[in-house]
Amino acid sequence: MKRRHFLGLLGAAGVTLGSGATAKAASLGDVKGLPNAGGVLFDASRCIGCRKCEAACNQVNDLPKPAKAFDDLTVLDATRRTDAKTYTIVNKYVPDAGKPPVFRKIQCNHCMEPACASACFVAAFKKSETGAVVYDPDVCVGCRYCMVACPFNIPAYEYDKAFTPRVMKCTMCQPRLLEGKLPGCVEACPKEALVFGKRRELLNLAWDRIGGNPGRYVEHVYGEREMGGTSWLTIAPKPSFAALGMDENLGTTSAPELTSGALAAVPAVAGIWPVLLTGLYAISKRKEKIAESEKQAAVSAAIAKASADAEAKLSEELAKAEVANKRRIEVEVKKALEAAAKAGEEGEDA
Amino acid sequence: MKNGKRRMRQLLAVLAICGIGGLSALPMGRATAAQPVSDKQRADIVTIDAMKAYGKLSQPTVAFLHDKHTTALGKQKDFYKKECGTCHLSDKDGVMQLGYMSQGKPVSGEKLRDNYHNNCISCHKDMAAAGQKTGPTDVQCKGCHNATPDVASNWQPLVVDKRLHYRHAATQEKADNKCGACHHIFSEKTGKTVPAPKPEEVPGSCSYCHGETTTVVENRQPKEIRSLRLAAHGECVTCHKAAAAAGKDVPTGPVTCAGCHGPLDQKAIAETSLKKVPQGADLRIKRGQPDYVMVRPAAVQTSMATPGKPYAGMPAVPFDHKYHEAKSETCVSCHHAALSSCSAKCHTPAGVKEGGFVTLEGAMHNVGATQSCAGCHAVAQKKPECAGCHDPMPKGIGGVDKCGSCHVPGDAALQEAMTSMMAKPASADTAAAEADLAKKLLAGKRDVTTTFPVEDIPQTVTIGSLSKDYEPSVLPHRQIVQAMLDGMKDSKLAGAFHATDAAVCQGCHHNSPASKTPPRCGNCHQAVETTTASARPALKAAYHNQCMGCHKAMGIEGKVVSKAPGAKPVPAATDCAGCHKEKKQ
């Protein structure tokens, strides 16, 4: 990158930093535009820890085989987290010693206003209309801000891939959703501990279950408001969500709201310069990438246009030539006819 | 022992014994608590957090181990002669204060803090100087203020059940006023509490007067009514100690924390009760209560009845009082605030202040309250043998078709008798007639749960409509029905409420018409899951929820429950092949 370009970008960044409030307004608007977003309701009181959802996720997403088979339930004895090769896992918790364990499925919660998306400066993450937070590896620069930003510690990085590492997380089976199918885990669950539907319908269902079974559930739908709300909703048996390793103190403010205000100015702090510069470098790199592809597109478009023009001209010329030929023939024929007529006249006369 | 003189005499006796250095109470107490108890699980943890009243605590609360200190003091023959008096001061009447070094008067926060710091640390220091094993002596705060003490509480509330009551009554059999030894009443004439003279005058449970906190009643002496905790510790422990100290050849009750509140000790008490109380002994606590009653509003309220016409509400409920007494451990199980009739003053049809504005309807039907009929029955439904069916069902009063289970309509003649009874307010005069009517109305109730003849119950049911990865599941249908019936064969409650033959079928065949041939599950539960959220599960989940839910609620998952030879365990929820074999590829 040329020094001049860099300084120009720096100036542009300064302008962006000054207009944090605009970013906030825009992000809120995005969510209001998703009244029909889908989601999944997970009912921990129904989960039996059979790991069928894990197996289904592995299968439908073509993920590598795990070290231990999915029907080996001894893996539940250790607390696990999602990684680049596992989009979802089930963990076992024992909230009351002596009472049966409770299981919790962990995957991307598909926030209504995703922290990963708000932290990503290349917009590799987007909230889709299906409710899924989808990831575009083509634009990702691998900065892993998303991993830092996620309040649920979900995105995982392909550290073992040196050249094309991606950030991996549950996709809510977006491709399947677009085909009208259920997410793999939901379809596989033998107990309907997972229900897919519109988020607002799921909320009704969740509260109906809580109200219809007094004393069984914690009177709270996790994800209804956490971090501004998530598409993945959880209800759990008493005593608490904390007993299932869930953070009950996340607050109801969404990540974009948290970061687009005062925090948006943070890169101005001296300590953050390397990060900012790396980011800027990445942006410029991406811009170059885009410019390159635009250039290529323009060239091919120009070529296409030129050849089209040439062809048009040729056919026009041909048409013209044809018309001219026709006319010439007509003229010749006329001449011949006239001559013949004259000759005939002369003959008759003769 | 409720009169002041007697109480003082006993306390003085206790102190005198300690002075002599007998300390005979302590070995007695230890003998009761001689169970092998883990030191990490204790019933004697007193959390010292009195400073909370003065603002935010700067240090974690102190987990004080009461029994450990009592035992340690018991060994100090010469060093500590005051025993309880070492830590507990007595007021001018000789009544011991339960608070540590407390005069019973409010003090400032600083004073309170110093009280603990000076006395605890100096005592530990003195003992250390005398070469004794003792607690923290230094000024390192966390020696006592440990946020993560390595002990956990297994404290259990003590319930004086019917057997324990019987044992206490037996020891007082020959006393002048046998009930008065424990139960006292407030005499307006003398202006103080006096022992209850006759069984009928016993006000009932201590908790009727002694609340959770100490209450102050102006215009009476003594002004204060001690909290239940203070009253129980002041009276029970004192009496146990005095009985032991008097040197009579009678075994006495526990005096340590664990002795009453430790789970193992409570089990020991229950076992001793079983041994000491003769078989077939009449455990009924007699307060002149009837055997049968009609549960009904106390009076015909003008707002709810037209003059000359009977009460327009629900028919009264016939109630077998004696049977329910046998099924409850204490009177407080139902009569939570007083022994009188529920509807007499507190729970009127419209609700009044005395009853916290809880209406008669609410008092009987509130599922959340264990004292209500529906609430107590809902607790009974939590028993493993019942929970399989009842866990997923809505608790309490469902549809109006359920009303007749309790509001028994009876035949025409009985209905007429009930109508004329309801027209009159409930009184002592009507009691006999009501009891007679209740008995007649209850006569038609089932005592045992029955269902269709065994040959009408399909032996097996094959579930295979979804069969894909697995072979169809063969459900041992008749065996399941019979196991369910076995679980409730001794329950009169179950008999009365499973009123029809099809009632027991409804646990699985829910929401379908009660019939010998209920419709197939697939009639309501669709075979394919859709992307629309629905409260009604699809067929796969419907089967799994119903089967696994029941096994889980009954606690039979993975256990061998059948007594037949070679019986297999009930499959665990995650054991797919336990119910349906995997299809061979």
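## The contact between chains A and B

Chain B brings 21 residues to the contact, and chain A brings 23 residues. The model is a predicted one. About 1,700 Å² of area is buried between chain B and chain A, and carbon and sulfur atoms give 55% of that area. In chain B, the residues that lose the most area to chain A are Thr531(B), Ala533(B) and Thr574(B); together they make up 29% of what that side buries. The size of an interface is often given in this way, as the accessible area lost when the parts come together.

## Polar and charged pairs

Between chain B and chain A, 7 residue pairs are in polar contact. The count of salt bridges between the two chains is 1. This salt bridge joins the side chains of Arg216(A) and Asp391(B), with a distance of 3.0 Å from N to O.

On the side of chain B that touches chain A, the largest share comes from H17(B), with 7 residues. The residues of that side of chain B divide into 9 nonpolar, 8 polar and 4 charged.

## Helix H17 of chain B

Helix H17 of chain B runs over residues 539-553, which is 15 residues.

Which residues of H17(B) are buried? They are Leu539(B), Ala541(B), Ala542(B), Tyr543(B), His544(B), Asn545(B), Met548(B) and Cys550(B). Helix H12 (384-390) and strand S11 (461-463), both of chain B, are among the parts that cover these buried residues. H17(B) is followed by Gly555(B), which has a positive phi, near 70 degrees.

## Ser473 in strand S12

Ser473(B) is found in strand S12 of chain B, which covers residues 473-475. Is Ser473(B) buried or exposed? The relative accessibility of Ser473(B) is 11%. A residue counts as buried when its relative accessible area is under 20%, so Ser473(B) counts as buried.

Leaving aside residues up to four places away in sequence, Ser473(B) touches Val461(B), Thr462(B), Ile463(B), Cys579(B) and His580(B). With Cys579(B), the side chain of Ser473(B) reaches the backbone oxygen at 3.2 Å.

Methods. Residues are numbered from 1 along each chain as its sequence is written. Chains are lettered from A and ligands numbered from 1 in the order in which they are written. This is a predicted model: local features need pLDDT of at least 70, side-chain atom pairs count only at pLDDT 80 or more; totals for chains, interfaces and linings use all residues. Side-chain values use heavy atoms; hydrogens and water are left out. Helices (H or I, at least four residues) and strands (E, at least two) are DSSP runs, numbered from the N terminus. The expected span of a helix is 1.5 Å times one less than its number of residues. Buried means under 20% relative accessible area, exposed over 50%, partly exposed in between (1.4 Å probe, protein chains only). Contact means heavy atoms within 4.5 Å. A polar contact is a pair of N or O atoms within 3.5 Å; within protein, one must be able to donate a hydrogen and the other to accept it, and residues adjacent in sequence count only if both atoms are side-chain atoms. Buried area is the accessible area (1.4 Å probe) that two parts lose on being put together, summed over both. A salt bridge is a side-chain nitrogen of Lys or Arg within 4 Å of a carboxyl oxygen of Asp or Glu. Ala, Val, Leu, Ile, Met, Phe, Trp, Tyr, Cys and Pro count as nonpolar, Asp, Glu, Lys and Arg as charged, and the others, Gly among them, as polar.
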